[in-house]
Amino acid sequence: CEKINNMNYSQNTIKIYSHYINEFISNFNLLSRLSSKDVQKYLNEYRYSSTSQQNQVISSIKFFYEKVLGKKYFKVDYNKNN
C-alpha cells in the first residue's frame, strides 16, 4: 500500500499492515459501503492468537479505514475482542 510507504513506518510494520489489510479486504465486496459496524463485526469474529496480534489487526484496519478509505474514525469496542 503506497500510503503506508509514505508515512515512514518500518518495513516490518508495512509487511504486517499489508497482510492484515489484504486479509480484511478479501472479506468485503463493496468497500465504499463499509461502515464502522462492519469493521467491529469483523474484529469481533477474528480469531486472535495473542494480544499482540489483536493490536496489529486493529491498528492495520484502523489505518486502512481512516487513511486509505478516508472514512471518519471508528471506535473499537475492545471488550468484545478479548
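Colleague: Buried means under 20% relative accessible area, exposed means over 50%, and partly exposed is anything in between. With that in hand, where does Lys62 fall?

Modeller: This is a predicted model, and in it Lys62 has a relative accessibility of 30%, so Lys62 counts as partly exposed. Lys62 belongs to helix α4, and its C-alpha atom is separated by 9.1 Å from that of Val76, which is 14 residues away along the chain.

Colleague: Let me step back, then. How many helices and strands does the protein have?

Modeller: There are four helices and zero strands, and starting from the N terminus the order of elements reads α-α-α-α.

Colleague: And what about the overall dimensions, say the box and the radius of gyration?

Modeller: Along the principal axes, the C-alpha atoms fill a box of roughly 30 × 30 × 20 Å. A compact globule with 82 residues would have a radius of gyration near 12 Å, and the protein has 12 Å, so the two agree. Of the 82 residues, 33% are buried. Among the contacts with a separation of 6 or more, 56% are between residues 24 or more positions apart.

Colleague: Now the helices themselves. At what angle do α2 and α4 pack?

Modeller: Helix α2, residues 11–25, and helix α4, residues 51–68, pack at an angle of about 70 degrees, and their axes are 9 Å apart. Angles of 65 to 115 degrees count as roughly perpendicular, and α2 and α4 are therefore roughly perpendicular to each other.

Colleague: Which residues meet there?

Modeller: From α2 the contact takes in Ile16, Tyr17, Tyr20, Ile21, Phe24 and Ile25, while from α4 it takes in Gln53, Gln56, Val57, Ser59, Ser60, Ile61, Phe63 and Phe64. By type, the residues of this contact divide into 10 nonpolar, four polar and no charged.

Colleague: Pick out Ile16 for me: is it buried or exposed?

Modeller: Ile16, which has its place in helix α2, has a relative accessible area of 19%, so it is buried. Leaving aside neighbours within four places in sequence, Ile16 is in contact with Gln56 and Ser60.

Colleague: Last one, on the loops: where does Met7 lie?

Modeller: Met7 lies in the loop between α1, residues 2–5, and α2. Its relative accessibility is 37%, so Met7 counts as partly exposed.

Colleague: Which residues does Met7 touch?

Modeller: Not counting residues up to four places away in sequence, Met7 touches Phe63 and Lys67. Met7 and Lys72, which are 65 residues apart in sequence, are 19 Å apart in space from C-alpha to C-alpha.

Conventions. Residues numbered from 1 in each chain as written. Predicted model: local features only at pLDDT ≥ 70, side-chain atom pairs only at ≥ 80, totals over all residues. Heavy atoms only, no water. Axes fitted to C-alpha atoms, helices over the stretch in contact; angles between N-to-C directions. Helix = DSSP H or I, 4+ residues; strand = E, 2+ residues; numbered from the N terminus. Parallel < 35°, antiparallel > 145°, perpendicular 65-115°, else oblique. Contact = heavy atoms within 4.5 Å. Nonpolar A, V, L, I, M, F, W, Y, C, P; charged D, E, K, R; others polar. Rg over C-alpha atoms; globule rule 2.2 N^0.38 Å. Buried < 20%, exposed > 50% of the residue type's maximum accessible area, 1.4 Å probe, protein only.
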